[in-house]
Amino acid sequence: GNPMQLFTYVRQCLATEMRLVQAAGGENLTGLPNLMISNAGAEVLHKIDVLRGRTQNTAEDLRRMEQEQEAFALQYHECTKINDDILNIIVEYTNQKICSARLKLSAESAAFFETSLEEIKALLVLYILAGALKDNHLATKTMFDTTFSHLQQISSQPNAQAGTNIQKLQRQKELLEQVLNQKVAGLMQLRLALGEKLKETFQLLTQLQTHVLDEELIRWKREQQLAGNGANFNSNLNTIQEWCESLAELIWLNRQQIKEVERLKQKLALDPPGVADVLPQLLAEITQLLSTLVTSTFIIEKQPPQVMKTNTRFTATVRLLVGGKLNVHMTPPQVKVTIISESQANMLLKNDKLGKSGECSGEILNNTGTMEYQQATRQLSVSFRNMQLKKIKRAEKKGTESVMDEKFSLLFQSQFSVGGGELMFQVWTLSLPVVVIVHGNQEPHAWATVTWDNAFSEPGRVPFAVPDKVAWGKVAEALSLKFRSATGRPLTDENLRFLAEKGFRGNYNESSNSVLSWAQFCKEPLSERNFTFWEWFYAIMKLTREHLRGPWVDGAIMGFVRKKQAEELLASCTCGTFLLRFSDICSPLLQKDFAIRSLADRVADLNHLVYLYPDISKDLPFGKYYTPFPGRKILLSH
């Protein structure tokens with residue numbers, strides 16, 4: 001009977017089904033990403049539903065409070081009208097007495113003038129003031145009623161009709177005052193209860209927003225960064241946008257309710273003594289909550305290249321997740337892109353602004369764009385398709401630093417208003433670290449900097465701090481991820497043990513928690529070589545990607561194996577048996593050689609190569625890669 005429970009159950013069933021399909025071999029399945037909602041996602045939806053119900057309830061409480069206040073105002077007006085009626089009777093009676101006195105004392109010099117309602121009211125004020133100055137300090141109401149009762153002695157005077165009318169009106173007034181006192185008490189209770197409800201809703205909104213922004217969105221950003229190293233990235237950004245849009249709507253509605261309560265309180269001041277007014281502080285806090293949501297959801301959907309070559313076109317896309325819900329697109333905001341250094345990024349995060357106006361570290365062409373709203377997808381975004389880095393300003397180098405160690409970031413900035421200009425937001429976001437190169441031969445080291453940063457940076461770090469040493473297990477995971485992304489097949493445990501021996505220069509102990517330093521990774525040359533571990537690994541990865549991908553994916557290339565081990569493996573095999581291992585040297589000649597004639601054709605050319613280790617006829621793994629020519633016969637099966 002609960003639609004929300006049914007919805008959550010169906011989403012969980014679909015998510016389970018997708019996981020089973022993937023486990024059965026559909027790892028690359030990308031359909032229906034928004035239906036793959038985790039238990040955490042179902043919990044977020046449930047909390048949004050609860051908050052929506054609370055917001056509807058407080059809206060109803062607010063309407064009831066407004067109606068009660070309007071009813072109070074009408075009855076209060078009726079009460080003041082009765083007061084005026086009583087005073088008018090007193091005025092009329094007093095004037096009659098004045099006229100009578102004037103006739104009796106007409107011969108005397110004293111003058112008698114008729115009184116008025118204003119004079120009687122002024123007289124009452126004087127009575128009240130006199131009472132306030134007395135030592136007993138009677139309450140105003142008591143003095144007012146005492147004054148009234150004093151004046152109402154006219155009811156015992158000969159004009160009985162006036163006295164009767166006053167007594168009747170006084171009874172009506174007393175009844176109305178009882179009703180008004182009850183309404184005041186009820187209104188004060190309504191206000192206090194509504195204030196507490198709004199405060200509780202704000203706390204729940206804060207908790208949910210913290211979860212969505214600090215866990216779900218941060219996880220998405222981390223997975224986006226790992227995708228830069230080749231990890232699979234099943235983006236759930238559309239789902240996160242739905243959550244953020246719901247938060248924006250709920251925060252806005254609750255903010256409007258708080259403002260409306262404040263407006264009603266100003267119309268009728270009934271604050272009980274000793275009770276602090278929580279609304280001004282609550283309004284400030286919920287406005288800040290909205291500000292945090294808006295600024296945190298200005299994100300880079302498509303990152304610029306992390307190794308950026310000058311004078312080369314590149315692209316990037318930024319998106320405002322709550323733009324559609326807050327109608328930001330009604331006045332489409334402009335976005336500007338600049339490139340800043342690591343120190344400038346630090347300053348920006350520390351002070352929320354750069355040191356000097358417009359300070360940057362380079363010049364980017366085509367660096368402005370206007371955000372556009374796509375009605376079908378409900379996305380507010382802008383894609384920069386033709387940016388180009390023309391100039392770069394580098395910092396002074398220290399010690400062994402090179403230009404490929406230096407990290408920059410692209411800064412995306414914009415500003416816009418919401419609520420018809422009521423609130424103005426200045427937003428910015430930083431791209432993942434970028435290494436700028438001017439020559440192709442700088443690319444390997446640049447990728448070392450980017451790979452290490454993507455793999456080992458921590459959320460919330462100071463830009464762009466990374467550990468100098470990392471446990472080998474994490475390095476191995478990053479290398480395997482990178483190699484699989486580039487070549488189509490991950491590294492085996494045996495491959496990774498070989499790489500550990502290489503990285504630690506023969507001093508690797510598998511039983512210890514060995515850590516590899518940044519210097520060992522890409523600064524210090526390998527033993528008896530003039531190139532680093534990373535340069536050697538990157539050259540092999542590039543070679544495999546461009547010329548050996550097919551045989552590598554098929555398992556025809558053993559690859560990472562020591563020369564001595566390879567010789568031992570082949571020693572007991574049939575003559576003509578061979579295996580393929582990666583060379584211990586970095587030779588650019590191999591790239592050129594394989595560009596001229598492929599590995600498969602070279603294997604076919606060498607007649608003394610008969611069996612691929614351990615005993616597979618070479619035509620089986622390599623035949624499908626041979627360049628066909630008339631007369632060639634290929635054995636495709638046993």
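Phenylalanine 464 is found in the loop between α9 and β12 (469-471). Helices here are DSSP runs of H or I with at least four residues, strands are runs of E with at least two, and both are numbered from the N terminus. The peptide bond that leads from proline 463 into phenylalanine 464 is cis, with omega near -20 degrees.

The model is predicted, so local features need pLDDT of at least 70 and side-chain atom pairs count only at pLDDT 80 or more, while totals for chains, interfaces and linings use all residues. Residues are numbered from 1 along each chain as its sequence is written, and side-chain values use heavy atoms, with hydrogens and water left out.

The protein chain comes to 17 helices and 16 strands. Buried residues make up 42% of its 638 residues. Buried means under 20% relative accessible area, exposed means over 50%, and partly exposed lies in between (1.4 Å probe, protein chains only). Contacts were counted between residues at least 6 apart in sequence, and 71% of them join residues at least 24 apart. A contact means heavy atoms within 4.5 Å.

Helix packing comes next. Two packed helices are described by the angle between their axes and the distance between the axes. Axes are lines fitted to C-alpha atoms, for helices over the stretch in contact, and angles run from 0 to 180 degrees between N-to-C directions.

Helix α9 (residues 443-456) meets α10: their axes come within 10 Å and cross at roughly 120 degrees. That angle makes α9 oblique to α10. Angles under 35 degrees count as roughly parallel, over 145 as roughly antiparallel, 65 to 115 as roughly perpendicular, and the rest as oblique. The crossing of α9 past α10 is right-handed. A crossing is right-handed if the near helix is turned clockwise from the far one by less than a right angle, and left-handed if anticlockwise. On the α9 side, Trp447, Thr451, Ala455 and Phe456 take part; on the α10 side, Lys474, Val475, Ala478 and Lys482 do. By class, this contact has five nonpolar, one polar and two charged residues. Ala, Val, Leu, Ile, Met, Phe, Trp, Tyr, Cys and Pro count as nonpolar, Asp, Glu, Lys and Arg as charged, and the others, Gly among them, as polar.

Helix α10 (residues 472-487) also packs with helix α13 (residues 533-554), at an angle of about 40 degrees and with the axes 8 Å apart. This makes α10 oblique to α13. Here α10 passes α13 in a right-handed crossing. From α10, the contact takes in Leu479, Lys482, Phe483, Ala486 and Thr487. From α13, the contributors include Phe533, Trp534, Phe537, Ile540 and Met541, and also Arg545, Arg549 and Trp552. The classes are 10 nonpolar, two polar and three charged residues.

Proline 614 sits in the loop between β15 (611-612) and β16 (616-617). Asparagine 366 is not a glycine, yet its phi is positive, about 55 degrees. This asparagine 366 lies in the loop between β5 (362-365) and β6 (368-370). Asparagine 366 is exposed, at a relative accessible area of 51%. Arginine 505 also has a positive phi, near 55 degrees. Its loop runs between α11 (493-503) and β13 (515-517).

Cysteines complete the survey. A disulfide is a pair of cysteine sulfur atoms within 2.5 Å, and by this rule the count is zero. Cysteine 360 is partly exposed, with a relative accessible area of 27%. Cysteine 522 is buried, at 4%.
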